[in-house]
Structures are given as structure tokens and as C-alpha cells.
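Take a look at the model below.

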Amino acid sequence: MSAIKRKIKKMNLTTKIMIGLLLGVVAGFLVPSTWTGVIKASQTIGTIYMNALKMMIYPLVFCSLIVGIKSMGSISATGKVAGRAMIYFLSTTFLACIFGIFVPQFLGIGKGASLNLVETKVEVNNVSNILDTITNLIPSNPIASFANGDMLSILVFAVIVGFAILALGRKAQPFMDVVVSVNEISMKILFVVMKFTPIGVFCTILPVIASNGSDTILSVGQALLTTYLVIIVYAIVVYGIVVKFIAKGSPIKFAKAIMPAALNAFGTCSSSATIPISMRCAEDNMKVPKEVTSIVLPLGATINMDAISILMSIMITFFANACGIHLTVTNMIVIVLSNVLLSIGTPGIPNGQVASFAALIQIAGIPTGVMGIFISVSTLSDMIVTMIDVVGDMGCCAVLTHILGYDGKDKNKRKLSSSMDEVKDVMMDPTAVDVVGSVADI
């Protein structure tokens, strides 16, 4: 018995979620729909889990986004490498969101799906036209936005506060310390809640399967297959074009060079744990200088969320169609922009995208009862998502190596410019001037 307990403790969270998912599916098929007491008890536990998940979503998203904006400001001061990396990551994330929301709309995934969710109440955001959306972006009462769960207003308010903190600098540091503390507290609470995710997934998927049977499995399988196909097509097309036409390299050679890092990311489901291998592949195989890899790869592991953004956008479309919620073009634009902002503030904890998706469904007006299904799909696609995000980081390295002149004839010019800058810095140093003066006197 003790050996079994030790094995369970050694399991990572993803494995435990997979086991909870499989047991929930099996139990859903075995439990007859007439066993209302069992189904109701499962729904109650699932609701408790989702309420615990939602409890810290608003302070976490607010504080994480402010911390992300503050770190962006700090990073930009380190030079053009970080600044251009930020532009690259935000641009590809924006493109990924468009891929993820418009392609599934064209394919019509989720239409005809029947989902008997834990929570059936739908609070649809009234986004009638673009002018109303713009008008409601700025919250007249931020406290009311938090109380009413107006996620879009909270995001905009966080952006405003974040840039105000950047503008004030040291004067805003006391408030920034509070934000960082609240962010750490929120992540700690969420981290503890996430430990109960296997039970939460079991209890949310069981009543869905018991009520709908194989129809739910087929619908979720369709969404999962679509996720894999869109992510793979996105990686081949977008990263292939980026490497070929912007980095001026060979996509085939690029794929061979990054293969060890990509396979490690696929196996470990952790882009952060893959950083050492990514650095070795970039520096040894792609000839990327350390001054690029040392900034781009850690930054990418934090904010590059291309594949996760595709996953969340696809699932938003799937759940909207399954729940009979019509997403207008304005809705989709708002969701895309919110997805990009949430990618900056995605918590750096296992399955951190769960928190971001919980915030996103509030904006789309989708019931929180879908969270169990999302966690299941997210877990099953975690390997491909992590791998593609690492490929995107390596693509950024290739682009910046070419743009900044590290890969060719501009290299000597860069070295000469760097040397002149060093000489200039030395000459402007007062201690250096004193030394030169002393030597002249001698």
C-alpha cells in the first residue's frame, strides 16, 4: 500500500489529470442516467472545484497582467534584442489567435454537439457593435467591474495601471510591491486548487458522459483533432514563412537543428525545463549568439503562447457552438485581443492556461461548466502545445540573429560598432578620465 502511495506522489499533475479523465469517462458510461443522486453529488463536487478555481481568477489576471507589463518595461531597457523579441512574440500570438478562432468557425466544430454541463446558466456579454465595445472598455467603476465579473474591463484597467506604473517608475514601487504580493498569493492558492484538478475533472466529466454518452466523446474528439491539425498547420505555414523569408534560412535545416529541443518539450510538457537544450541547439546547430539566446529563450518560455492561444480560441468556438451562443465578428475581435493580453499574464504554473481560459469564457459569455472538458482537452494536447511553443521560441532566435546582423557580413560591422561603444563608455567614465590625466602628467 505504501508503495502505491509513493508512486502516486511521484506522478506529475498531467498524469494524474489523465487518470482522473479516464476514470471519469469510464464511470460516466457505467453510471445509469437514472442514478440522479450519484450524478447530483458529482455535479456538486464539480461546482465546488470550479468555484474554487474562479475564486482567484480576477485578482490573478489583474495582477499577472500588471506584473507582465512591468517586466516588459524592464526588459525593453536591456536593449533591442528584448524589444524586438517582444514584438515578434506578440505578433505571432495575435496571428495564432486569428488562426484559432476563424478556422474552427469555418469548419463549424461544435455545431450539433450536446453538452449537459454542470452549470447551465449562461451570462452572455452584450457586445452589439464595435462602438458599444469601445465605450464599455474603460470602466467607470473598477470595483464594480470586479464585483460584476466584467473581465474585459478588468483587463483594460490592468493595462492602464500597468503603463501608469511604468511611467511613474520608483514612485509606484510601493504599490507594485503589493501587486506582486497579491499575484504570488493568488498563484499559490491556484496552485493548491490545481492539485485537486484530477478530482475536479472526474466529477465534471462524469455527469456529462452519463447524460450524453458517446456523443460527448465524439464531439470532444472532433475538437481535439481540430486542435492538433490547426496547431501543426500553423507551425508549418507561419514558422516556415518566418524562417524562409524573414530569417533567410532553410526551414528544413531549421527543423533538423531544433529537433532535440522540440522532442524534449514534447516529452516533458515544459518549455522552461527545455531551455538548456534549446540554448544548446540554438547556439551549436543554428549558430545563434549567446546574447540572443540568453534573452529570447527565457522570455519566450514566459510569454510565447502561440499554441496555447490556438487551443483556447478553438475551444471558445467549440463551446460557443455547442451551447448555442452566436459569436459575432465583434465578439471574435474582442476575444482575440483579450487572448493576446491574457498570454502576457498567463501564470507560470502547471496548466496555467486553465486560469486564462476561465477568464476568457467570462468574456465570451460561456458557462463555467465547460471547464472540465477544457481541462481534459488541454491535458491531451499539452505535449504538442509545448513543443510548438518551443519551436516558436527557436524561430524568434533565427529571426533576430539575421535582423541584428549576427549571421553574416554585418557581423564585423556589429563588432566594430560594439568596440567603439565600449571605447566611448570608457572615455565618458570619470575614473577613466582621471587615469588618462595621471598618465599624461607622468
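Buried means under 20% relative accessible area, exposed means over 50%, and partly exposed lies in between (1.4 Å probe, protein chains only). By that rule Ile403 is partly exposed, because its relative accessibility is 42%. Ile403 sits in helix α19, residues 382-403. Helices here are DSSP runs of H or I with at least four residues, strands are runs of E with at least two, and numbering starts at the N terminus.

This is a predicted model: local features need pLDDT of at least 70, side-chain atom pairs count only at pLDDT 80 or more, and totals for chains, interfaces and linings use all residues. Residues are numbered from 1 along each chain as its sequence is written, and side-chain values use heavy atoms, with hydrogens and water left out.

Start with the overall picture. The protein has 21 helices and zero strands. Of its 442 residues, 50% are buried. A contact means heavy atoms within 4.5 Å. Among contacts with a separation of 6 or more, 83% join residues 24 or more positions apart.

Now the surface. Accessible areas come from the Shrake-Rupley method with a 1.4 Å probe; for residues, only the protein chains shown count as cover. The protein exposes about 21100 Å², and carbon and sulfur atoms supply 67% of that area. Patches are built from residues with over 30% relative accessible area and no salt bridge; like charges are joined within 9 Å, and nonpolar side chains (Val, Leu, Ile, Met, Phe, Trp, Tyr) within 5 Å. One nonpolar patch covers about 710 Å². Its members are Ile232, Val233, Ile236, Val237, Ile241, Phe245, Ile246 and Ile403. Helix α11, residues 214-246, gives the largest share, with seven residues. Ile403 comes from helix α19.

Charge pairing comes next. A salt bridge is a side-chain nitrogen of Lys or Arg within 4 Å of a carboxyl oxygen of Asp or Glu. How many salt bridges does the structure hold? It holds one. Glu283 and Lys290 form it through their side chains, at 3.8 Å from N to O. Glu283 is partly exposed, because its relative accessibility is 24%. Lys290 is exposed, because its relative accessible area is 52%.

Turn to the aromatic rings. A pair of aromatic rings is described by the distance of the centres and the angle of the planes. Rings of Phe, Tyr and Trp (its six-membered ring) pair if their centres lie within 6.5 Å; planes under 30 degrees apart count as stacked, over 60 as edge-to-face, and the rest as tilted. The rule gives eight aromatic pairs. Phe62 is buried, because its relative accessible area is 11%. Phe146 is partly exposed, because its relative accessibility is 27%. Tyr88 and Phe89 also pair: with centres 5.5 Å apart and planes at 75°, they are edge-to-face. Both are buried: Tyr88 has 10% relative accessibility, and Phe89 has 0%. Phe318, Phe319, Phe357 and Phe374 form one aromatic cluster.

Ala307 lies in helix α15, residues 306-322. Is Ala307 buried or exposed? Ala307 is buried, because its relative accessible area is 0%. Beyond its neighbours within four places in sequence, Ala307 contacts Ile231, Val385, Ile388 and Asp389. Ala307 and Thr92 are 215 residues apart along the chain, yet their C-alpha atoms are separated by 9.9 Å. Gln353 is in helix α17, residues 353-364. Gln353 is buried, because its relative accessible area is 8%. From Gln353 to Ser343 is 10 residues in sequence and 8.6 Å in space, C-alpha to C-alpha.

Finally, confidence. pLDDT is the predictor's confidence in each residue, from 0 to 100. The protein's mean pLDDT is 79, and 81% of its residues reach 70 or more.
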